[in-house]
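Dear colleague,

I am handing over the structure that we spoke about, and below it you will find my notes on what turned up in it. Please read them with the structure open beside you.

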Amino acid sequence: MLFQQNTTTLRYIAIFGVLASFLVSCNRIQGVVTPDGTAISDGASTVKIGFIYSPPDPGTTRNGAELAVALANEAGGINGLPIELLIRDDKQDALGSVQHAEALIAAGVLAIVGPDYSTVAVEVGAVVQRYGIPMVTTYPTNPDVTQNGNFSFMGAYIDPYQARIMADFAIQELGAITAAVLTETGSPYSEGLSTAFIEDFTARGGTIAVHPFYETGTTDFTEQLLAIAAVEPTVDIVFLPGLGSEFPLAVKQARSDDIGISATFLGGDGWDRPDLVEIGGIALEGSFFANHFSPDGQLTEDVRQFVNAYTEKYGIAPDGPAALGYDAATIVIEAMHRTTDLTPAAIRDQIEATQDYRGATTLSHFDENRHAIKSLVINTVRDGNIQFHQFVEP
């Protein structure tokens, strides 16, 4: 039955691809910009950008992208034409995201912002490469996101970079010599960060005392935490990269009287979740984690404008995903402004040429793999709140 269902699904994908190609041809006749590089016609009324995201977590990437488009339209759009953001929810499903990408391209988008997750972005990357439509992702951090070719760009830093920064922070600032690593098995994100952290931490002279694993959905971490507690007198930090709700629960149990781990916990950008303190409580005090943005971080004029505009529009301060959505969309929009002919290929070239971008975050440039070389912040949990601790230049 599973094979039959998969076969049917693949048949639908093939049919959808043919339909998308037909619609693209129709759009070409009607004068809309299409993947073959045809310039936008005088009859077009908007400049279309596709946006694919995954609510509710992270969700706020949409807020950031919508703000970027709103501000650009207030400033006159692109060559006097308003920007139209075509928004699609992929429900964190790769097949659904691919279908959305096909439909957006058929609708005449010049570029796609998103998706929010690495595994989904890899699949969409194959689509944009096939049609020649540039894509700048928001939240994904896995280096494989750009593997499909030169039309895929990453708006966030990559996992090995944040792992290296946290390994250096552990040794240089916290004086750590020995670490434990607690990894979510089967999670490319958690496993990838763990591997990179271990490599960098040991390369800097540190020692990994123990490296237990837990399964997705785990609620009782006694076995893993006791393994850490057994060597805890010599463990300075515990590196715990996760995306779900499991890892703050693990920290909470680690601090319990039954376990009693006192080592400092470190994490990656997956710790940037609104329910972090709600789940982990006081156990999280003194923890540190890498993130993309902090509204209390390096307050340049560009950051100040973003924070003020976002807060005014949504009534709350922006978080990391919101900053990534804003920057990915703005990078695309600025690339459009720099083109002499508004075609997907020309926009792609200008995205690649982006240098010294300053928005919600700072991006130095895209490297040869189209990975973002950019800023990073380290946040801490203090007095029951996530607070800015350190800004790291690209």
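Ala 179 stands opposite Ile 208, a residue of strand 8, and in this predicted model strand 8 runs parallel to strand 6 (residues 178-181), to which three bridges join it. In general, the strands of a sheet pair through backbone hydrogen bonds, and they may do so in a parallel or an antiparallel way.

Both strands belong to an open sheet of seven strands, which you can follow in the order 8-6-10-11-12-16-17 and in which the pairing is mixed. Because strand 8 (207-210) and strand 17 (385-392) stand at the edges and have a single partner strand each, one side of each of them is left without a neighbour in the sheet. If you look from strand to strand, you will find that neighbours in this sheet are turned by 30° against each other on average, with direction ignored. Helix 5 (residues 159-172) packs on the sheet, where it touches strand 10 (237-239), strand 11 (264-267), strand 12 (288-291), strand 16 (376-382) and strand 17, and the direction of helix 5 makes about 55° with that of strand 16.

Next, please turn to a pair of helices. Helix 2 (residues 61-74) packs with helix 10 (residues 301-314) at an angle of about 105°, their axes being 11 Å apart, and since angles of 65 to 115 degrees count as roughly perpendicular, helix 2 is roughly perpendicular to helix 10. On the side of helix 2 the contact is made by Asn 63, Gly 64, Glu 66, Leu 67 and Leu 71, while helix 10 brings Phe 306, Ala 309, Tyr 310, Lys 313 and Tyr 314. Sorted by class, this contact of helix 2 with helix 10 has six nonpolar, two polar and two charged residues.

Which residues of helix 12 (residues 344-352) are buried? They are Pro 344, Ala 346, Ile 347, Arg 348 and Ile 351, and what covers the buried residues of helix 12 includes strand 4 (135-137), strand 5 (152-154), helix 11 (320-338) and strand 14 (362-366).

Finally, some values for the whole chain, which has 12 helices and 17 strands. Of its 394 residues, 53% count as buried, and the accessible surface comes to about 16000 Å², with 51% of it belonging to carbon and sulfur atoms. Among the contacts between residues at least 6 apart in sequence, 66% join residues at least 24 apart.

Key
Residues are numbered from 1 along each chain as its sequence is written. This is a predicted model: local features need pLDDT of at least 70, side-chain atom pairs count only at pLDDT 80 or more; totals for chains, interfaces and linings use all residues. Side-chain values use heavy atoms; hydrogens and water are left out. Two strands pair if DSSP finds at least two bridges between them. Helices (H or I, at least four residues) and strands (E, at least two) are DSSP runs, numbered from the N terminus. Axes are lines fitted to C-alpha atoms, for helices over the stretch in contact, and angles run from 0 to 180 degrees between N-to-C directions. Contact means heavy atoms within 4.5 Å. Buried means under 20% relative accessible area, exposed over 50%, partly exposed in between (1.4 Å probe, protein chains only). Angles under 35 degrees count as roughly parallel, over 145 as roughly antiparallel, 65 to 115 as roughly perpendicular and the rest as oblique. Ala, Val, Leu, Ile, Met, Phe, Trp, Tyr, Cys and Pro count as nonpolar, Asp, Glu, Lys and Arg as charged, and the others, Gly among them, as polar. Accessible areas come from the Shrake-Rupley method with a 1.4 Å probe; for residues, only the protein chains shown count as cover.
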